[in-house]
Structures are given as C-alpha cells and as structure tokens.
Amino acid sequence: DGFVILRGLLDDEDHLGPVREEYARYIEKRASELAREGKLKSDGSDKGFSERLATICKEANQIYAELSLHRLFPQSVFQLITTNSRLLSIVKDLLSKDDSQTNELKLDLSPIQHVRPKLPAGLTPRDGDPHVVPWHQDAGVCLSSSDQAAMVTVWIPLVPAHQKNGGLVLNPGGHTKGLMQHWIDRGVSIRPSELPRNSMKEYRVDMSPGDVLFMSKYCPHRSLKNISKTVRWSMDIRYQMEGTPSARPFFPTFTVGDPKLTYKLWKETWKAAVSNYKGQAIHRWTERRKPRRKNTNNTAKRTE
C-alpha cells in the first residue's frame with residue numbers, strides 16, 4: 001500500500017513524554033512572560049498539553065512561530081530521532097534490499113523534518129503554517145537531484161490524531177505510480193489529472209501516541225482541517241541511505257550513529273544554515289494553478 005502503521009512501537013511516556021514536557025516548559029515560560037507584559041489575560045495554565053497552546057493563541061499568537069523545530073531546537077526531539085533503536089531498526093528494514101544488508105546499513109537524517117502543532121481552524125497566524133496540506137507526495141517536495149535516493153517518511157503523533165483534529169488521509173497503492181506531476185495550489189499539490197479526486201481510494205488514519213506511520217516517499221497523502229478545540233501535535237522525520245543526495249542540499253544532513261554527531265553540533269549547524277539561507281527553491285515545481293473564477297451567479301468554477 002506504500003505505508004505501514006506500527007501500533008505501540010514507541011513508549012508514550014518514555015519516548016514521547018520528554019518531547020511534550022520540553023515543549024510544555026517552553027510554552028509555560030513564554031506564556032508567563034506575555035502575561036507579565038500585559039499581552040495575555042489567560043495563560044492557559046489550567047489546560048492540558050493538547051489545549052493550552054490553542055487557549056493562548058486566541059489572545060496572543062507570538063508563541064506559535066517560535067515552536068518550529070529549527071527555531072526551538074528541542075533536545076528531546078534530537079535524542080528521539082537519532083538514538084531510538086525501535087524507530088531506526090524499522091527504517092533500516094524498509095530501506096534494506098535484503099536482511100543481510102540491514103545491520104550494515106547506515107542512515108542519513110534528511111533535512112526535511114518538522115514538529116507540527118496544528119491549531120484549530122481559524123487560530124493560525126496569517127503568516128503561519130496551518131499544517132493543512134493538499135494531496136502530495138513527499139518526493140514532490142524534494143529537489144530533483146534527490147530523485148534516486150531511497151527515503152522513508154516517519155510520522156509520529158504526540159497526542160491522539162484523528163479526523164476531527166486534522167489527521168492524515170492516505171491513498172493506498174498510489175506509490176506504485178512513482179513521482180506524479182505537482183503544481184502549486186495551496187501548497188505543493190498533485191495535479192488532478194494525475195490523481196483524480198473523485199475516483200481514488202482513501203484511507204483515513206487514526207493514531208494514538210506510540211503509534212508510528214512509515215511511508216514511501218511516493219505515497220500520496222494529505223491532512224485535514226483541525227475542527228476540534230485542541231492542538232494536534234505531531235512530528236514528521238525523513239531518513240535516507242547514507243551518502244545519497246539530499247533533498248535540500250543547502251540544509252544540513254547528518255549520519256545517524258556518527259560519533260561526532262552531538263546535540264550541540266546538530267543545533268549549531270542548523271542555526272548557521274537557517275541564518276545563511278538565501279531563499280533557494282525547496283522543490284522543483286514552478287507552475288501555479290490558475291485562480292478559480294466566479295461567474296455572474298457567484299458560483300465558483302474550475303479553470304485549467
């Protein structure tokens with residue numbers, strides 16, 4: 001099908017708890033600061049992890065942008081994605097051509113990595129990422145120079161993820177078509193001619209903390225709007241075989257298990273890369289879908 005979900009692969013408290021706790025501490029610190037500055041009446045201290053950020057963003061949304069993985073650099077995330085043997089062994093199995101290769105295989109940590117606090121619809125800052133993505137393939141958000149690189153996407157919910165709070169929708173079997181043509185339509189999106197929306201298979205994913213989704217870079221998928229009152233927290237990380245071309249070579253790639261790889265090196269290298277980023281294209285597509293026109297009856301119709 002192009003994906004597999006392993007239920008309970010990670011221990012919710014031991015593996016994911018530190019990530020939630022680190023983000024919760026930062027939100028607590030910033031909420032207290034905003035309250036002292038008179039920018040926040042309610043700091044949401046009576047709310048749980050999946051609710052507090054939404055409560056705060058109703059009044060002040062400055063914190064939202066600060067939670068980006070490559071702005072906050074949480075050490076707990078670094079530890080999880082570089083040292084968790086349960087996670088890494090599955091990725092190696094999926095990338096290995098045969099069992100004899102698995103133990104020898106080394107992984108590179110792709111620069112395409114995110115922690116996503118998906119706010120309820122309407123709360124995302126105007127210039128923020130609502131984390132609502134249209135149908136696309138992860139291969140479609142990579143530069144063409146990495147087309148030959150075998151890559152696995154790992155999607156990890158930090159809280160229950162379901163259809164009401166913006167869960168994922170997958171297209172089983174769509175990976176067999178290889179790279180589809182994309183264009184820019186509310187983000188990078190598969191052209192309708194490549195993936196007819198009215199006749200395709202859909203698998204709507206419900207996941208609990210500890211479940212992990214492993215996905216081919218060719219698996220078409222999208223996410224839904226968050227119509228709940230809570231925040232859907234998740235992580236998506238990508239791994240590829242050591243030495244294969246990076247999807248975004250102007251950002252750092254690290255080899256998992258390299259004794260030189262430390263949290264400090266990861267953080268400082270990323271900080272320098274972000275500071276030096278010159279706005280290079282992060283994918284290959286340039287054509288934008290033409291805007292939809294309205295007829296005299298104000299009925300939207302599609303234009304090609």
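A residue counts as buried here when its relative accessible area is under 20%. Keep that cut-off in mind for this predicted model, because Leu9, at 16% relative accessibility, falls on the buried side of it.

Let's start with Leu9, which sits in the loop between strand S1 (3-6) and helix H1 (12-36). Setting aside neighbours within four places in sequence, Leu9 touches Arg86, Leu87, Ile90, Gly210, Val212 and Phe214.

Now hop over to Ser234, which belongs to strand S11. With a relative accessibility of 0%, Ser234 counts as buried too. Again leaving out neighbours within four places in sequence, Ser234 is in contact with His114, Val115, Arg116, Trp155, Ile156, Pro157 and Leu158.

| Pair | Apart in sequence | C-alpha to C-alpha |
|---|---|---|
| Leu9 and Ser234 | 225 residues | 15 Å |
| Ser234 and Ser42 | 192 residues | 25 Å |

**Helices H5 and H6**

Next up is a pair of packed helices. Helix H5 covers residues 75-83 and helix H6 covers residues 85-95; their axes lie 6 Å apart, at an angle of about 45°. So H5 is oblique to H6. Where they meet, H5 brings Leu80, Ile81, Thr82 and Thr83, while H6 brings Ser85, Leu87 and Leu88. Sort the residues of that contact by type and you get four nonpolar, three polar and no charged.

Which residues of H6 are buried? They are Leu87, Leu88, Ile90, Val91 and Leu95. These residues span an arc of only 160° around the axis, so they are on the same side of H6. What do the buried residues of H6 pack against? Their partners are S1, H5, strand S2 (107-109), strand S4 (151-157), strand S9 (212-216) and strand S11 (232-241).

**A three-stranded sheet**

Finally, there's an open sheet with three strands in the order S8-S5-S10, paired antiparallel. Strand S8 (203-204) and strand S10 (221-223) are the edge strands: each has a single partner strand, so one side of each has no neighbour in the sheet. Strand S5 spans residues 168-170, and two bridges link it to S8, with the two running antiparallel. Across that pairing, Val169 faces Arg204 in S8. In general, strands of a sheet pair through backbone hydrogen bonds, either parallel or antiparallel.

Terms used
Residues numbered from 1 in each chain as written. Predicted model: local features only at pLDDT ≥ 70, side-chain atom pairs only at ≥ 80, totals over all residues. Heavy atoms only, no water. Pairing = 2+ DSSP bridges. Helix = DSSP H or I, 4+ residues; strand = E, 2+ residues; numbered from the N terminus. Axes fitted to C-alpha atoms, helices over the stretch in contact; angles between N-to-C directions. Parallel < 35°, antiparallel > 145°, perpendicular 65-115°, else oblique. Contact = heavy atoms within 4.5 Å. Nonpolar A, V, L, I, M, F, W, Y, C, P; charged D, E, K, R; others polar. Buried < 20%, exposed > 50% of the residue type's maximum accessible area, 1.4 Å probe, protein only. Arc of directions from axis to C-beta.
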